[in-house]
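Please look over the sequence and the model before reading on. The report goes through them part by part.

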Amino acid sequence: MKHNQLKPFPADFLWGGSTSAYQIEGAWNEDGKGPSVIDMAKGPEGTTDFKVASDHYHHYKEDIALLAEMGFKAYRFSIAWTRIYPNGAGELNQKGIEFYDNLINEIESQGIEPIVTMYHFDLPYALEQKGGWSNRETIDAFEVYAKTLFENFGDRVKYWLTINEQNMMILHGDAIGTVNPNLENPKKDLYQQNHHMLLAQAKAMSLCHQMLPSAKIGPAPNIVSIYPDSSNPEDIMAAQSYMAIRNWLYLDIAVFGRYNTTAWNFLEEKGYTPTILDGDMEVLQSGKPDFIAFNYYTSQTVGASKEDGTDVNHTGDQHITIGEPGIYKGVTNANLEKNEFGWEIDPIGFRNTLREIYDRYNLPLIVTENGLGAFDKLEEGDVVNDSYRIEFLRKHIEQMQLALTDGVEVFGFCPWSAIDLISTHQGCSKRYGFIFVNRGEFDLKDLRRIRKNSFYWYKELIATGGKSLN
Ligand code: BGP
């Protein structure tokens, strides 16, 4: 759709950036922090672990000052559950409360709005040992943890995100570490975990509304447009099915409190349906989000399943396979360019995604991740010329403005990542930030913070409220 005139970004638009605790903080076992599943996992050969990361735990003042210099209106970060409850439940770690108290105060003192993710992949290891999300006790532990966060930080934090990319933890449990390969039916178990996470999320949303009437809370899945490989009706049906299984399953429950019909049918067909106890559906119906946060990197394309052993494909990211025999087959989209890591780049798909989510749920949207991972180079004179990142973000922000002009209510943009951090699967050489952190995979160097070219570009964009784009 063409527009004669673009709508400007609202004056109070939340321009910002995102990080997550395990990827940026380091200090993995300091001041009483317990281990998370991430701390106990073994990463791919040749890549660093998350023990020091960007050492934000010790550099947070300097880091927040740099975000303020860029003009950030909002900063999305996550709280490490294991800093607050080292064993996931039980004894509270006062030092953990203190760290986030200081961090939030620092963010606020710089006039930045804190947006807190309560759980970003780093489940306490102690809970994992008792079955993790397969065990309903984890729901109770999450509720207590949520209450503690609301009690301690609710006076300053107005925006809460429940669970980061729950759909990726379920769909790609092999890559993110939620799957238990020793079980007879690991996928069925994943959908049981999913059901429990959804209950935990609904309880946290209800609790937030009871305890903090002026705060807002929402889920933060990874939602992307799904294209059919061709106009063949079989391909179109495959895309619809994948859309339901990948996207709507998660958001329909969060917003409407019910399982999506196509997705439920898929679970039945495959023998993956979770056990639902009396009262569960009432809990799901009672917790409602105020907005939808979502992460978008790339669209995905699927065709009809061939059921010939070729359905499950690597369609870009080497760690993620797409395909479900009998339902859809992951394919490459020949219309799209790819980044250095094989991820397809699709800014128009970003506009499509914003429109699709808004049309379906009619809730305000905030983008909590979008960005380009690349092997940035530090040049002489502390220069990092990441023009490719500027290009990527420019194109996506242009499409976001078009979506806004289409009528989509989007109130913030927090790209990944505010500062360089450790990639979930590809170490610290795959960088996303506006700020370079001077370290190698195994050589910590001086961890100096260096402004990249994108830092100055984004600063200007924020200062002009997006006008410098045009
Ligand atoms: C999202 C996660 C982030 C981050 C990002 C980039 O799925 O929420 O934590 O890791 O993807 O992915 P990667 O680090 O694998 O490049």
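The structure is a predicted model.

Strands of a sheet pair through backbone hydrogen bonds, in either the parallel or the antiparallel sense. In this model, five strands form an open sheet in the order S6-S8-S11-S10-S9, and the pairing is mixed. The edges are taken by strand S6 (226-228) and strand S9 (313-314). Each of these two has a single partner strand, so one side of each is left without a neighbour in the sheet.

The partner of S6 is strand S8, made up of residues 300-303; S6 and S8 run parallel and share three bridges. One of the pairs across them is Pro 228 with its bridge partner in S8, Val 302.

## Strands S7 and S14

Strand S7 (residues 292-295) is joined to strand S14 (residues 365-369) by four bridges, and the two run parallel. Here Phe 294 has Val 367 of S14 as its bridge partner.

The side chains of S7 point two ways: Ile 292 and Phe 294 to one side, Ala 293 and Asn 295 to the other. All four of these residues are buried.

## From S14 to helix H15

The loop between S14 and H15 contains Asp 386. Is Asp 386 buried or exposed? Its relative accessibility is 0%, so Asp 386 counts as buried, the cut-off for that class being under 20%. Apart from its neighbours within four places in sequence, Asp 386 is in contact with Asp 376, Gly 433, Lys 452, Asn 453 and Ser 454.

Helix H15 covers residues 387-406, which is 20 residues. At 1.5 Å a residue, H15 should span 28 Å. The C-alpha atoms at its ends are 29 Å apart, which agrees with that expectation. After H15 comes Gly 407, which has a positive phi near 110°.

## The largest pocket

Rolling a probe the size of a water molecule over the atoms shows where empty space is left. The largest pocket found in this model has a volume of about 950 Å³. Its lining consists of 45 residues, and those nearest the centre are Val 37, Ala 41, Lys 42, Ile 176 and Gly 177.

Which helices each supply at least two residues of this lining? They are helix H2 (37-40), helix H6 (125-129), helix H9 (173-176) and helix H10 (186-211). Sorted by class, the lining of the largest pocket has 20 nonpolar, 17 polar and eight charged residues.

Conventions
Residues are numbered from 1 along each chain as its sequence is written. This is a predicted model: local features need pLDDT of at least 70, side-chain atom pairs count only at pLDDT 80 or more; totals for chains, interfaces and linings use all residues. Side-chain values use heavy atoms; hydrogens and water are left out. The expected span of a helix is 1.5 Å times one less than its number of residues. Two strands pair if DSSP finds at least two bridges between them. Buried means under 20% relative accessible area, exposed over 50%, partly exposed in between (1.4 Å probe, protein chains only). Contact means heavy atoms within 4.5 Å. On a 1 Å grid over the protein atoms alone, a cavity is a set of points where a 1.4 Å probe fits but cannot get out, and a pocket is an open set with protein on both sides within 12 Å along at least five of seven lines; lining residues have an atom within 4 Å of a point. Grid points are joined across faces, edges and corners, and a volume is the space filled by probe spheres set on the points. Ala, Val, Leu, Ile, Met, Phe, Trp, Tyr, Cys and Pro count as nonpolar, Asp, Glu, Lys and Arg as charged, and the others, Gly among them, as polar.
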